[in-house]
Amino acid sequence: MCGNTHVHPEHAGRIQSIWSRLQETGLLSKCERIRGRKATLDEIQTVHSEYHTLLYGTSPLNRQKLDSKKLLGPISQKMYAMLPCGGIGLHRRSRPPPAGGMLKPALLPPQVDSDTVWNEMHSSSAARMAVGCLVELAFKVATGELKNGFAIIRPPGHHAEESTAMGFCFFNSVAITAKLLQQKLNVGKVLIVDWDIHHGNGTQQAFYNDPSVLYISLHRYDNGNFFPGSGAPEEVGGGPGVGYNVNVAWTGGVDPPIGDVEYLTAFRTVVMPIAHEFSPDVVLVSAGFDAVEGHLSPLGGYSVTARCFGHLTRQLMTLAGGRVVLALEGGHDLTAICDASEACVSALLSVELQPLDEAVLQQKPNVNAVATLEKVIEIQSKHWSCVQRFAAGLGRSLREAQAGETEEAETVSAMALLSVGAEQAQAAAGREHSPRPAEEPMEQEPAL
């Protein structure tokens with residue numbers, strides 16, 4: 001947040017680069033741009049506590065006017081430390097240490113949690129603007145004013161919990177937007193798909209007991225040893241929300257790597273079947289691009305191509321009448337996030353996408369991914385019967401799966417035709433063997 005791109009991966013150059021790419025490719029001219037705004041404190045409090053909202057959502061001058069008691073809580077200003085770059089970081093004791101880490105410890109003093117940096121003059125405005133822009137865009141899509149959209153915003157938000165800022169995140173933009181869509185526009189069901197490589201712990205927390213919001217996350221988990229350590233497949237929701245939290249928690253590190261085949265297989269066998277059964281009214285996407293090739297561990301480590309995210313977006317557009325809104329989350333390699341954003345915007349504009357390589361379509365998912373998906377299906381089939389039919393074919397390539405599904409569809413169609421033919425033959429036979437009614441004698445005309 002302080003603008004030092006050498007120290008902090010979350011910097012303004014991220015959205016500037018994406019914006020420039022969309023201009024260069026001519027995609028921006030095909031889009032309708034909307035005016036952004038800051039989210040109100042009341043809007044932010046649909047997800048966050050009052051003291052968290054006031055602490056991170058107000059300027060130093062305004063904060064002095066607030067009742068100091070409102071700012072007391074698990075997070076306080078005493079937990080900040082000044083960074084060499086002039087920004088402010090959170091003391092490491094202010095939150096659990098990240099399991100997978102976010103930056104090399106040598107980059108900043110050891111007493112500072114270096115992933116979440118605060119600039120006293122600008123961060124509150126930037127964080128509130130990110131929320132407000134997404135809310136404005138999502139409302140226009142939900143009401144039919146726009147078909148779909150992509151909010152190019154920062155800072156990201158999916159790690160921000162009710163009273164905790166972490167992982168570059170202060171306010172959970174996607175979670176707040178989902179709440180407001182339901183409260184202000186009476187949107188019934190919201191699907192949130194989170195494909196950032198890090199689990200969206202804050203989003204999961206916000207809707208863990210809520211059956212009206214389905215949260216599906218695909219993330220690197222490594223048995224809890226990758227930041228933030230949450231997102232186990234067993235975390236399925238609580239109370240009335242059981243079954244409405246789906247974690248595709250990749251485990252096994254990066255050897256063999258997780259790439260296009262694994263993500264496309266997850267969409268084919270878990271994400272899309274469950275999403276179709278849920279039948280959402282609006283789809284929100286936490287579109288982090290740190291799974292794109294070019295992001296090394298601990299900020300990434302996977303090898304998903306940018307074009308793959310365009311194809312995943314195209315699949316999500318078959319839901320909710322196409323009312324899909326993407327919000328930029330993580331991703332810090334500028335070339336990777338520009339390529340992925342270009343692919344996703346192309347999909348939203350219904351521009352013809354660059355096809356996936358034939359080698360990808362012929363490749364089978366790696367053994368670690370198959371094991372992950374087997375576990376997810378075993379757990380989620382108790383809540384979503386639609387996924388059970390995919391369990392046996394997880395090791396197939398996409399071409400094999402496509403051929404199998406075509407054969408299955410043809411078999412079903414043939415069986416239906418046979419059934420209809422049998423019913424028609426039975427009805428005809430019934431007509432042949434039924435006794436004909438006796439002919440009535442012609443009525444004689446009276447004699448004149």
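Is S123 buried or exposed in this predicted model? S123 counts as buried, because its relative accessibility is 1%. Buried means under 20% relative accessible area, exposed means over 50%, and partly exposed lies in between (1.4 Å probe, protein chains only).

The model is predicted, so local features need pLDDT of at least 70 and side-chain atom pairs count only at pLDDT 80 or more, while totals for chains, interfaces and linings use all residues. Residues are numbered from 1 along each chain as its sequence is written, and side-chain values use heavy atoms, with hydrogens and water left out.

**View 1. The whole chain.**
The protein chain holds 13 helices and nine strands. Helices (H or I, at least four residues) and strands (E, at least two) are DSSP runs, numbered from the N terminus. Of the 448 residues in the protein chain, 55% are buried. Take the contacts in the protein chain with a separation of 6 or more: 76% of them come from residues 24 or more positions apart. Contact means heavy atoms within 4.5 Å. The chain exposes about 20,300 Å², and carbon and sulfur atoms supply 52% of that area. Accessible areas come from the Shrake-Rupley method with a 1.4 Å probe; for residues, only the protein chains shown count as cover.

**View 2. S123 in helix α5.**
S123 sits in helix α5, residues 123–142. Along the sequence, S123 and T58 are 65 residues apart. In space, their C-alpha atoms are 9.3 Å apart.

**View 3. Strand β6, covered on both faces.**
Strand β6 spans residues 213–220. Eight of its eight residues are buried, so β6 is largely enclosed by the rest of the structure. In a regular strand, side chains alternate between the two faces of the sheet. One side of β6 carries V213, Y215, S217 and H219, all buried.

**View 4. The parallel neighbours of β6.**
Two strands pair if DSSP finds at least two bridges between them. Strand β5 (residues 190–194) runs parallel to β6, and five bridges join them. D194 has S217 of β6 as its bridge partner. From β5, the chain passes through helix α7 (residues 201–207) to reach β6, in a right-handed β-α-β crossover. Right-handed means that, with the strands pointing away from the viewer, the path from the first strand over the helix to the second runs clockwise. Strand β7 (residues 245–250) also pairs with β6 in the parallel sense, over six bridges. Here R220 has W250 of β7 as its bridge partner.

**View 5. The loop between β6 and β7.**
D222 lies in the loop between β6 and β7. Its phi is near 50°, a positive value in a residue other than glycine. D222 counts as buried because its relative accessibility is 12%. P228 is found in the loop between β6 and β7. A cis peptide bond joins F227 to P228, with omega about 0°.

**View 6. Helix α6 and the residue that follows.**
The expected span of a helix is 1.5 Å times one less than its number of residues. Ten of the 13 residues of α6 are buried, leaving the helix mostly covered. Among the buried residues are S173, V174, K179 and Q182. N186 follows α6 and has a positive phi, near 55°.

P256 lies in the loop between β7 and α8. The peptide bond from D255 to P256 is cis, with omega near 5°. Helix α8 has 19 residues, 260–278. Its span from first C-alpha to last is 25 Å, close to the 27 Å expected at 1.5 Å a residue. α8 bends by about 45° at F267. The bend at a residue is the angle between axes fitted to the seven residues ending there and the seven starting there. In α8, 17 of the 19 residues are buried, so the helix is largely enclosed by the rest of the structure.

S279 is found in the loop between α8 and β8 (282–287). It has a positive phi of about 55° although it is not a glycine. S279 counts as partly exposed, because its relative accessible area is 41%.
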